[in-house]
Structures are given as structure tokens and as C-alpha cells.
Amino acid sequence: MLKQIQLSLGLAALLGAGSLASPHAMAQISSEEFQMGRAREACATQAQQQLLTVNNVVSTTPVTGSGGRMIGSEVILNVSRGGETYDVRCSFDNATRTATIASIPSTGSGSGTTASRPASGTFQGRGVAHGATFTRGRTANVALTIEGDNFGLELAEPAPTGARVQYRGVIMRRSDDAANSFTLRTRVRSFNSSGNLRVLNTTTGTCQIEVFDARVISSNCNTATSDSSTRFLGLEQF
């Protein structure tokens, strides 16, 4: 019981009295502010469960889905572990009320690199794409661009038809298998397609992308936007 009281007091001091306000005070804040406060508390608790010491909340950004409805929050926490201090990204889902910590740097490496944050670069591949504007499966080139925690994935059919889709968003997790071989799990923030010639910056969804020997060999993307889900399977040789 004492441990629970200490944890609650610590979170209250960290996040500010507003996140643990009285019911009357809570009635004065908007639904969006309430959800962001809930996200900060959940992310701080999750960070502590992962043996991180939370120093402060750097920022909280609402995440919107179709129709502009708020579906979650992205929280940046400044944390310490193993004598090192750095920022981590946390995603909170309003529907499930779950917090996921991503981009936790590895400690003790002395190189300043991170375990889950891939280096910037571009990875390509060629194979067959299904879904969205790629009806019945079509040969397509794929390009994966990584810039810190952000990613872009483009599937494009060679001319003359030129069917193309593009996803952009945030990398949530990376699993490394070997040098230049890894799997990314991402959250999609925007989508555009040659099928509708519109850029949708308020969509939400996920992509799982597999890279082997610096080549994209598969991807599976699903978003809330209609006709936007695709699957890509790379050829064995390029």
C-alpha cells in the first residue's frame, strides 16, 4: 500500500496537479485535454515498469483518425537509465488505454546509437503488390526511407500505368536479425494513392516491413482509409 501511495504521489508531482484533479476541475477541461492527461499518466507508469526513471514530460501531441476524431496521443518523455539521460517516444491508444514505449536507446554501448532507432537510409526492392490500386496483384518497385523515428514506404508500378501508393508515419519498434536485416513495426500517419490523387494526413493504421540484406522483401500495411491496404512480396532475386 505504501508503495502504491508513493507511486501516485510521484506521478502527481511529475505530471502536475491537473492530471489528478478533482471531478469539478476535470469538468472544466476539454475531452482532448483529459485524454492527453490520461496518456501522460499511462506513459509515465509504463516507463517506470520498464525500469526507466521519468524526469519530465517533454511534449504531448494528439493523434487523429478519420474525420478528425482523436484516437490517441504521442508523448515524449525525458528519462534516465544506467546513468544516461535521453528522450523516449510513447504512444497511447484511447480505445484500449494502452501505452507503448518505443525508441529506447541501449545503454553502455559508448557509441550513442540506439537499439530500436534505425539509422537514416533508403532500402529498395522489387516484387508483387496486392490491394489498393494494385488490383489482382501487379509488379511493383518498393522504396523504404528511414529518417530517425520516421519512415516512408512507397510502392510504385513501372510505367506506363504508374499505379502508386505511399505511406508515412512513425517507427514504433525494430527487430534486428543481422546487419542490414530487420523488421519494422510502424504507425501510419498519412497515405496517398494514384487512385484518388489525394494526400490524407489524418489517417491511422500500421505497417509491418521486412528488410533482408538491405532489400525490402515484404510489407503489410493497413489503414482506416478505404482502399488503402496493401501487401507486398519481394522477388527472390533482383
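**Entry 1: helix H3**

I started just after H3, where leucine 51 takes a positive phi of about 65°. I noted that this is a predicted model.

Then I went back to the helix itself. H3 covers residues 31-49, which makes 19 residues. I looked up its reach from first C-alpha to last and found 27 Å, close to the 27 Å expected at 1.5 Å a residue.

Which residues of H3 are buried? I listed Gln35, Met36, Gly37, Ala39, Cys43, Ala44 and Ala47. I kept a general point beside the list: an α-helix has 3.6 residues a turn, so residues three or four places apart point the same way.

**Entry 2: confidence**

The protein averages a pLDDT of 77, and 74% of the residues score at least 70. Over residues 16-26 the pLDDT is below 50, and I found 9 contacts for this stretch beyond near neighbours in sequence. Residues 106-118 also stay under 50. For them the model has 25 contacts beyond four places in sequence. My reminder: where pLDDT is low, the predicted coordinates should not be read in detail.

**Entry 3: salt bridges**

How many salt bridges are there? I counted 5. I looked at three of them in turn.

I took glutamate 74 and arginine 189 to begin with. Their side chains meet at 3.0 Å, N to O. Glutamate 74 sits in strand S2 (residues 70-81) and arginine 189 in strand S9 (residues 181-193), so the pair links parts of the chain 115 residues apart. Buried or exposed, I asked of glutamate 74? It is buried, because its relative accessibility is 4%, under the 20% cut-off. Arginine 189 is partly exposed, at 27%. I also noted that Glu74, Arg187 and Arg189 are linked in a network of salt bridges.

Next came aspartate 149 and arginine 89. Their closest N and O atoms are 3.5 Å apart. Aspartate 149 lies in the loop between strand S6 (134-147) and strand S7 (150-156). Arginine 89 lies in strand S3 (residues 84-93), 60 residues apart from its partner. Aspartate 149 is buried, with a relative accessible area of 11%. Arginine 89 is buried too, at 17%.

Last, I checked arginine 164 and glutamate 154. Their side chains meet in a salt bridge at 3.7 Å, N to O. Arginine 164 lies in strand S8 (residues 164-178) and glutamate 154 in strand S7, so the pair ties together parts 10 residues apart in sequence. Arginine 164 is partly exposed, with a relative accessible area of 28%. Glutamate 154 counts as partly exposed at 26%.

How values were computed. Residues numbered from 1 in each chain as written. Predicted model: local features only at pLDDT ≥ 70, side-chain atom pairs only at ≥ 80, totals over all residues. Heavy atoms only, no water. Helix = DSSP H or I, 4+ residues; strand = E, 2+ residues; numbered from the N terminus. Expected span 1.5 Å × (residues − 1). Buried < 20%, exposed > 50% of the residue type's maximum accessible area, 1.4 Å probe, protein only. pLDDT = per-residue confidence, 0-100. Contact = heavy atoms within 4.5 Å. Salt bridge = Lys/Arg side-chain N within 4 Å of Asp/Glu carboxyl O.
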